[in-house]
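Trainee: I have a structure open and a few things to ask. Can we go through it together?
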Amino acid sequence: MTHYRIRNESSAVAIELTGVAGHQKELLEAFQECQEGSCSCPTDEYKKVASMTVDADERRIAIRLEAKPGAKLNVSEIENCLDYTLGGVEPER
């Protein structure tokens with residue numbers, strides 16, 4: 001089962017997902033949609049994101065969200081989006 005940890009920084013949010021084996025391809029596809037601005041997460045938080053970088057290996061996925069100037073990312077909204085995305089990929093969650 002995939003777990004995540006979120007670290008709030010001054011103008012960014014760093015996310016690390018572990019336990020991605022078996023679901024990595026689907027998760028990366030879902031995060032690609034977010035990068036393209038076409039994600040289906042139930043939040044408008046993406047409007048505050050200036051950039052999103054994704055780095056992955058076989059065991060983890062790291063995501064960094066940079067906020068637009070003057071914006072602050074809401075970690076609880078980011079958690080809602082992650083839970084939504086993981087629920088779509090891992091229905092047994």
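Trainee: Is C34 buried or exposed?
Mentor: This is a predicted model, to begin with. C34 counts as buried because its relative accessibility is 18%, and the cut-off for buried is under 20%.

Trainee: And S40, what about that one?
Mentor: S40 is partly exposed, at a relative accessible area of 48%. It sits in the loop between α1 (24–35) and β3 (49–56).

Trainee: How far is S40 from Y84?
Mentor: Their C-alpha atoms are separated by 8.9 Å, although the two residues are 44 apart along the chain.

Trainee: Switching topic. How many disulfides are there?
Mentor: A search of the whole structure finds one. C41 and C81 form it, with their sulfur atoms 2.0 Å apart. The pair links distant parts of the chain, as C41 is in the loop between α1 and β3 while C81 is in helix α2, 40 residues away.

Trainee: What kind of bond is that, in general?
Mentor: A disulfide is a covalent bond between the sulfur atoms of two cysteines.

Trainee: Which hand does the link of C41 and C81 have?
Mentor: Right-handed, with 65° about the S-S bond. Both C41 and C81 are buried.

Definitions and conventions: Residues are numbered from 1 along each chain as its sequence is written. This is a predicted model: local features need pLDDT of at least 70, side-chain atom pairs count only at pLDDT 80 or more; totals for chains, interfaces and linings use all residues. Side-chain values use heavy atoms; hydrogens and water are left out. Helices (H or I, at least four residues) and strands (E, at least two) are DSSP runs, numbered from the N terminus. Buried means under 20% relative accessible area, exposed over 50%, partly exposed in between (1.4 Å probe, protein chains only). A disulfide is a pair of cysteine sulfur atoms within 2.5 Å.
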